[in-house]
Each structure stands twice: as structure tokens, then as C-alpha cells.
Amino acid sequence: MHTATCATKMMINNGVTVVGYLPRTVSVEVKKGGIVRLERRRQQDVVVIYGIFSAAYKPSAVTYNIQAEDIDSILKYGHSIHGEAFLNGKRLPGGMYHGVLPVAEIVHTEGGGESVLLAITDADAAVPLFPEYARCVEITDGAPTQFDNKTNYHQTAIWFYKTGIERKAVQLITMHGKGVCDGYSNSPSKALNLAAAAGKIVGQDGARDVVLYLARDRPSPQTLKTGISGYWKADQIIYIYYDERLFTKSRVPDAKPMPGSSKVHMAAAKKTADAAAAKRDGPLLTSAYFCGCAACTAFNFDNCLMKDAFGSVVPKNCARASDVGFESQTVQLEDFARTLVRDRVVAVRVSADEADIEGVLWFAILEDLPIKLTEATMHAGQEFGEGWLVAHGHWFSLQGTPAANGDRTYVILPAVVMLNVNSMLRVITTPIVFNAANKNARPRRARGGGFTSGTTYLLSYSVWESLTGLL
């Protein structure tokens with residue numbers, strides 16, 4: 001980027017990810033030789049994500065997986081977890097280390113021209129782009145220096161327990177051509193070069209100013225002029241700024257080397273009921289080949305239709321190197337509060353005399369963002385002190401006793417209650433996932449903003465065990 005001070009160049013890192021989802025066949029009109037005819041073509045929704053941070057921090061498995069976690073959270077839940085994310089001129093809920101948002105302004109260029117940079121405002125609510133999101137096929141190259149493969153394998157093994165999404169990692173053959181990300185990666189630098197040539201001041205504060213400029217001046221694929229068409233044509237662009245303080249081993253811990261990893265080109269988690277053991281041991285199903293048969297596409301590897309050609313998947317472990325990075329409750333209260341958004345499920349610690357009602361943790365779904373009380377207040381017989389961080393929400397109510405396998409059934413109560421943020425379990429990197437008992441869906445509001453009366457929700461024993469293990 002060019003700064004205003006001395007017209008110097010500053011290098012930044014740009015992690016480009018292209019996500020395609022909801023593939024479908026559509027009919028389009030095609031004109032050939034003066035004749036218009038219908039042709040059936042494949043189409044999907046495509047989002048391009050630019051994760052931008054200072055060049056002082058080298059891209060690694062840490063930066064890659066923190067960005068991947070944000071992408072999955074935005075798609076499935078509508079909010080970021082770590083970075084400051086922008087979509088369509090709005091800052092998305094969630095994320096940490098937020099800065100001041102710019103107001104609308106007129107920019108004067110060296111040639112005497114003018115252009116308008118629009119204001120950026122906060123989004124009103126978390127709106128998932130793909131709430132049905134359940135499985136991810138991640139395609140990368142095999143550069144160990146770039147992705148630190150052992151750490152990436154471990155993240156693949158534990159991804160479901162972090163995000164509620166199953167992840168299959170596919171590594172391309174080294175030096176085996178270019179992918180769609182290569183085409184999209186050039187677009188931001190072209191936009192910044194055009195800004196510099198026109199005399200526009202992109203900013204003087206490094207990577208965040210670059211993100212703010214692009215989010216205002218080039219919020220859509222049309223204004224960014226990505227130049228990609230067809231099946232991978234972008235529908236939306238998300239810009240995410242990452243403060244270097246986010247890149248810690250506590251969020252993405254190191255893993256031990258996995259024997260035989262040089263021959264692995266497909267890895268997926270070997271699911272287990274013991275979430276804590278999975279996070280420690282990193283159990284995987286691996287193969288030297290990527291298979292696209294119907295069974296493997298559904299992650300049903302035991303019933304692969306190509307076993308005669310590719311063989312069976314091989315179980316391997318890619319264990320965490322140490323306990324550094326295991327979920328900790330030492331997260332600062334303010335940092336945790338910034339990750340809370342509407343419709344997020346939270347776990348609340350209860351006192352010993354209330355633990356016999358529903359257990360040591362009660363659950364709630366948030367109605368709004370946290371606020372700091374300017375004065376002490378009473379709500380439902382409870383006192384909340386001045387300066388406390390609180391949020392409104394609905395309690396989940398346990399129905400009966402846990403099932404034989406430990407799964408727990410809840411309903412959402414209609415009454416709105418006030419919740420003390422300091423009493424919540426500070427789980428930042430692992431969304432608490434409830435599933436509807438009659439279908440695989442997270443709690444969702446009905447028309448009018450409320451929750452469907454009588455709908456029951458399941459909390460699996462593995463989730464319960466992993467959460468109570470943090471106490």
C-alpha cells in the first residue's frame with residue numbers, strides 16, 4: 001500500500017479463500033447463430049474472503065486456521081470469532097480488537113477529481129449465509145512451510161468439536177498447477193495500485209486501513225472487478241482484518257509429527273464420542289488419494305465405491321504437542337463479551353445449591369449484544385451491579401433426565417431474562433451446538449422473532465462432557 005507520509009510502499013499479507021456452496025443445475029438462455037435456446041449449467045453460491053494482516057507476521061497454520069474458523073462461523077452462524085470482518089459495507093458481529101469505524105467522506109485525487117467513500121456501520125444482527133452448513137472439503141497445496149502440515153492435520157481432526165462442521169482436508173500434488181484462489185488474489189493489489197495512481201490516500205495505519213478502504217471502495221465483486229466468470233464467479237466479498245495479537249498457540253496449538261504424512265493427500269476426522277480425547281489425540285482417517293464417489297462425498301468412507309482402486313482409509317493420529325492451546329477460562333472478560341452476538345448459545349455456571357436442578361451448567365440463547373450497566377438494577381429478583389456486563393436471552397429448560405447415552409433434551413423458554421456475562425463459560429473458539437430433535441438444525445427464530453413453541457433441542461453428551469471439563 002502507499003501511505004501519505006512519504007509515498008512509501010508497505011507490504012501486507014493477504015490470505016485468499018474462495019468458498020463455493022449450494023451447487024445446483026439451472027437453465028440459462030444462450031444465443032447461438034441468432035437462435036436462443038435453453039442450456040442446463042451448473043451453478044453455486046461463491047464467497048471470496050480476504051484475510052489481511054501485517055507482513056510482520058509470517059503466514060502459517062495459525063493464521064490459516066484462525067481465518068478458516070472465522071469463515072465457517074460467518075457462513076454457519078453469521079458472526080466472526082477472531083478477526084474484524086466486513087461484508088457489504090457492514091462490520092459483522094463478533095471478532096476482537098475492534099477499531100473506530102470511518103464516516104462518509106469525499107476524497108480528492110491528484111488530478112482534481114473527487115470520489116465518495118461511504119461510511120461503514122455495524123450490522124444489526126448476525127445473519128448466516130449458509131445455516132445448513134455441515135461438511136467442508138478444504139483444498140490446499142501441499143507446502144509444509146506454508147501450512148505446517150502436522151498442525152493442519154490436527155486441526156482437521158478436531159474441527160467438528162470447534163465449529164460443529166466436519167472438515168475433509170485434500171492436498172493437491174506439489175507444483176500441480178494454479179487454482180481459483182490465484183485468480184482472485186490479484187484483485188485487491190490492483191485496486192490499491194489504481195488508488196495510488198489516482199492520488200488517493202489509502203491510509204497511514206497499515207493493514208487495517210487497507211481493509212477499511214477496500215470494504216468501502218470495493219465492497220462487491222463488481223466494484224473490485226475480479227474478472228472471474230462461470231462456476232466460480234463471486235457473489236460476495238468478505239474482508240477480514242487480523243490484529244497480530246490474535247495469532248497465538250492458545251488458539252491453534254502445535255501438533256506432533258504424523259508418521260507417513262508425506263503420502264497423505266486426504267484426511268478427515270475419525271469421529272468419537274470422547275471429545276476431550278479427540279482434541280488431545282487428533283484421530284484421523286487418511287488416504288493417499290482423494291475419492292469423489294458418492295459415499296466419500298458424504299464422508300461415509302467405510303462404504304467407498306472405489307476401494308478396489310484406492311484401498312481403504314487408514315486410521316492415524318496427529319496428537320497435540322502439549323496442553324498449550326487447550327481451551328482456557330483465562331480469556332479477558334471484555335474480549336469474551338465482544339464475541340457474543342444475538343442467537344449465540346452460552347453456558348452459564350450455577351451455584352452449588354442450584355446444580356441439582358439441571359447440572360453445573362445452564363444454557364441460554366442470547367437476545368441481544370452485551371451492555372455495561374450504568375447503574376445497579378434488579379431483574380427477576382436478582383441484583384445486577386453498576387458496571388456489570390449483561391445480556392438478555394432465553395433459558396434452555398432441561399426436559400426429564402439425560403438419555404442412556406448421556407444426550408440431553410431441552411426446550412427454549414419464552415421469557416426474556418438478564419444474564420451476567422461474567423458467569424458465562426468463556427468458550428470463544430468452540431460454538432456450543434444444539435440440534436433440533438426432529439431435524440439437523442440449530443435453534444432458529446420463527447417469523448416475528450420468537451422461537452417455535454414446543455420444539456425440542458438436543459445437546460450431545462460429548463459436547464456436555466467437553467464443556468463441564470472446562471470448569
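Guide: Leaving aside neighbours within four places in sequence, Tyr239 is in contact (heavy atoms within 4.5 Å) with Tyr50, Glu84, Ala85, Phe86, Val211, Leu214, Ala215, Arg218, Pro219 and Leu224. This is a predicted model, in which local features need pLDDT of at least 70 and side-chain atom pairs count only at pLDDT 80 or more, while totals for chains, interfaces and linings use all residues. Residues are numbered from 1 along each chain as its sequence is written, and side-chain values use heavy atoms, with hydrogens and water left out.

Two of those partners return in the core itself: Tyr50, Leu214 and Tyr239 touch the most other members of the largest nonpolar core, which has 27 residues. A nonpolar core here is a set of buried Ala, Val, Leu, Ile, Met, Phe, Trp, Tyr and Cys residues joined through side-chain atoms within 4.5 Å. Buried means under 20% relative accessible area, exposed means over 50%, and partly exposed is in between, with a 1.4 Å probe and protein chains only. At least two residues of this core come from each of strand 1 (12–32), strand 2 (35–54), helix 5 (187–197), helix 6 (207–217) and strand 10 (236–241). Helices (H or I, at least four residues) and strands (E, at least two) are DSSP runs, numbered from the N terminus. The biggest contribution is that of helix 6, with seven residues. Another core lies apart from this one; it has 24 residues, including Tyr21, Ile66, Ile71 and Tyr133.

Rings of Phe, Tyr and Trp (its six-membered ring) pair if their centres lie within 6.5 Å; planes under 30 degrees apart count as stacked, over 60 as edge-to-face and the rest as tilted. The whole structure holds 16 such pairs. In one of them, the ring centres of Tyr57 and Phe247 are 4.8 Å apart and the planes meet at 40°, so this pair is tilted. Tyr57 sits in the loop between strand 2 and helix 1 (61–77), and Phe247 in the loop between strand 10 and strand 11 (266–269); the pair links distant parts of the chain, 190 residues apart. Tyr57 is partly exposed, at 21% relative accessible area, whereas Phe247 is buried, at 7%.

As for the setting, the protein chain has 13 helices and 23 strands, and 48% of its 471 residues count as buried.
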